[in-house]
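Here are my notes on this model. Please read them beside the coordinates.

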Amino acid sequence: MQQTTLSRYVKAMRKQYGLTQVDLSEKSGVGLRFVRELEQGKQTLRLDKVNLILNLFGSEVGAVPLSKNTDDL
C-alpha cells in the first residue's frame, strides 16, 4: 500500500498529539487494524470510520466541488 495525503495527515496529527495507534483506536472508537490500514494508505475504507478519526483533529472527509462544469449532467 502506498501512503496517501490522508494517511500522511492522520499519522502526522496522531504524532503531533502524542498518540500511539492504540490510543487513536481507543479514542476514536475504531479498531486498531483500521487505524493501521488507514495510515498505510489502504484504498478502500469506510468514510464514517475515517471521519470518526478525523473528528478528533477537527476535520472530516466530505464532498468537495470539482472545478469542472457540472451542467453536462
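1. Start with helix H2. This is a predicted model. On one side of H2, Glu26 and Lys27 are exposed. Leu24, Ser25 and Ser28 of H2 are buried. Viewed down the axis of H2, these buried residues fall within an arc of 100°, so they line one face of the helix. The cover over them includes H1, H3 and H4.

2. Serine 25 deserves a look. Serine 25 sits in helix H2. Its relative accessible area is 10%, so serine 25 is buried, given that buried means under 20%. Setting aside neighbours within four places in sequence, serine 25 touches Val30, Gly31, Leu32 and Val35.

3. Next, leucine 24. Beyond neighbours within four places in sequence, leucine 24 is in contact with Val10, Arg14, Leu19, Val35, Glu39, Ile53, Leu56 and Phe57. Leu24 also belongs to the largest nonpolar core.

4. Check the end of H2. Just after this helix, glycine 29 takes a positive phi of about 85°.

5. Helix H4 spans residues 47–55, and its buried residues are Val50, Asn51, Ile53 and Leu54. Seen down the axis of H4, they fall within an arc of 160°, so they line one face of the helix. An α-helix has 3.6 residues a turn, so residues three or four places apart point the same way. The buried residues of H4 pack against H1 (5–16), H2 (21–28) and H3 (32–40).

6. Is valine 50 buried or exposed? Valine 50 has 1% relative accessibility, so valine 50 counts as buried. Its place is in helix H4. With neighbours within four places in sequence left aside, its contacts are Leu6, Phe34, Leu38, Leu45 and Val61. Glycine 18 is 32 residues from valine 50 along the chain, and their C-alpha atoms are separated by 19 Å.

7. Which residues make up the largest nonpolar core? The core has 12 residues in all: Val10, Met13, Leu19, Leu24, Val30, Phe34, Val35, Leu38, Val50, Ile53, Leu54 and Phe57. H1, H3 and H4 each supply at least two residues of this core. In soluble globular proteins, nonpolar side chains tend to be buried together.

8. Two links to trace on screen. Leu24, Phe34, Leu38, Val50, Ile53 and Phe57 are among the residues of the largest nonpolar core.

Terms used:
Residues are numbered from 1 along each chain as its sequence is written. This is a predicted model: local features need pLDDT of at least 70, side-chain atom pairs count only at pLDDT 80 or more; totals for chains, interfaces and linings use all residues. Side-chain values use heavy atoms; hydrogens and water are left out. Buried means under 20% relative accessible area, exposed over 50%, partly exposed in between (1.4 Å probe, protein chains only). Helices (H or I, at least four residues) and strands (E, at least two) are DSSP runs, numbered from the N terminus. The arc is that of the directions from the helix axis to the C-beta atoms. Contact means heavy atoms within 4.5 Å. A nonpolar core is a set of buried Ala, Val, Leu, Ile, Met, Phe, Trp, Tyr and Cys residues joined through side-chain atoms within 4.5 Å.
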